[in-house]
Amino acid sequence: LADVRLSPQPEITEQAWLVEGQILTESGNGDQALELLSDALTQLPGSSALLYARAMAAVEQEQLALAEQDLRTIIQSDPENAAALNALGYTLSDRTDRQREALRLIETALALDPENPAILDSMGWVLFKLGRADQALPYLRRAVDAQPHPEIVAHLVEALWTLQRRDEARDLVARTRDELAGDAVFDATLERIGLD
């Protein structure tokens, strides 16, 4: 990949940085991924893809200020970037107490991309965090139906549990546990609510 990055074509260079960053992240070397992506951005400072990748790596490393900075840079240059709006909204909702700000960002992302499961999940999650679990359910159900990702399923389970719809929560866990067990968010959610 280091050799590929010597290409005179910026698109190929960018892809090489992104692939290496992903390999480092997936192998548990998030700090190295963050450093690598920062180096990449010194060479390709205008790359939205690299900014987004570094933001996601920064979230994993609990460097929320850097993640927010990178996502806001993307949004500033592309106000209709639904992925960046959603990522910032979800990060603020999940990792801070800035729920109202998160809601506005996610509402904008949802208006731009209304069928995106990740954005539907974010809308459900921010509503849940605002104490509106009943309003969160339709979004979370649509997200799970479209993409039964472990984190999305965990959000739906937690909302159902909070609304005292315990049998539905147990049924959902029974249907998905074999496939999703081992995911950190899924397992932590079940443990927290007492369904482990």
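## A loop residue with positive phi

E62 is found in the loop between α3 (48-60) and α4 (64-77); helices here are DSSP runs of H or I with at least four residues, numbered from the N terminus. The model is predicted, so local features need pLDDT of at least 70 and side-chain atom pairs count only at pLDDT 80 or more, while totals for chains, interfaces and linings use all residues. Residues are numbered from 1 along each chain as its sequence is written, and side-chain values use heavy atoms, with hydrogens and water left out.

Phi of E62 is near 60°, a positive value in a residue other than glycine. With a relative accessible area of 54%, E62 is exposed; the term exposed means over 50% relative accessible area, buried means under 20%, and partly exposed lies in between, for a 1.4 Å probe and protein chains only. Q164, in the loop between α9 and α10 (166-180), also is not a glycine and has a positive phi of about 65°. Q164 counts as exposed, at 57% relative accessibility.

## The nonpolar core

The largest nonpolar core has 63 residues. Such a core is a set of buried Ala, Val, Leu, Ile, Met, Phe, Trp, Tyr and Cys residues joined through side-chain atoms within 4.5 Å. The residues with the most contacts inside this core are L50, L71, M123, V153, L156, V157 and L195. Helix α9 (residues 150-162) gives the largest share of the core, eight residues.

Leaving aside neighbours within four places in sequence, M123 is in contact with L103, I106, E107, L110 and Y139, where contact means heavy atoms within 4.5 Å.

## Helix α6

Helix α6 (residues 99-112) has 14 residues, which should span 20 Å at 1.5 Å a residue, and its end C-alpha atoms are 20 Å apart, in agreement. The expected span of a helix is 1.5 Å times one less than its number of residues. In α6 the buried residues are Q99, A102, L103, L105, I106, A109 and L110. These buried residues pack against α5 (82-95), α7 and α8 (133-146).

N86 lies in helix α5 and counts as buried at 8% relative accessibility. Apart from neighbours within four places in sequence, N86 is in contact with I106, A109, A118, I119 and S122.

## Helix α7 and its ends

α7 is mostly covered, with eleven of its 13 residues buried. The buried residues are P117, I119, L120, D121, S122, M123, G124, W125, V126, L127 and F128, and they pack against α5, α6, α8 and α9. From its first C-alpha to its last, α7 reaches 18 Å, close to the 18 Å expected at 1.5 Å a residue.

At the N-terminal end, N116 caps α7: a side-chain oxygen lies 2.8 Å from the backbone nitrogen of A118. This is a polar contact, a pair of N or O atoms within 3.5 Å; within protein, one must be able to donate a hydrogen and the other to accept it, and residues adjacent in sequence count only if both atoms are side-chain atoms. Just after α7, G131 takes a positive phi of about 85°.

The structure holds one aromatic pair. W125 and F128 form this pair, which is stacked, at 5.1 Å centre to centre and 15° between the planes. Rings of Phe, Tyr and Trp (its six-membered ring) pair if their centres lie within 6.5 Å; planes under 30 degrees apart count as stacked, over 60 as edge-to-face and the rest as tilted. W125 and F128 are separated by about one helical turn because they are three residues apart in helix α7 (residues 117-129). An α-helix has 3.6 residues a turn, so residues three or four places apart point the same way. W125 is buried at a relative accessible area of 6%, and F128 counts as buried at 14% relative accessibility.

E158, in helix α9, is buried with a relative accessible area of 11%. Leaving aside neighbours within four places in sequence, E158 is in contact with W125, F128, T189, R192 and I193.

The charged end of R5 sits over the ring of W17, 3.9 Å from its centre. A charge sits over a ring if NZ of Lys or CZ of Arg is within 6 Å of the ring centre and within 35 degrees of the ring normal.

L36, in helix α2 (residues 30-43), is buried with a relative accessible area of 10%. Beyond neighbours within four places in sequence, L36 is in contact with R5, W17, E20, G21 and L24. L36 and R54 are 18 residues apart in sequence and 8.9 Å apart in space, C-alpha to C-alpha.

Definitions and conventions: Helices (H or I, at least four residues) and strands (E, at least two) are DSSP runs, numbered from the N terminus.
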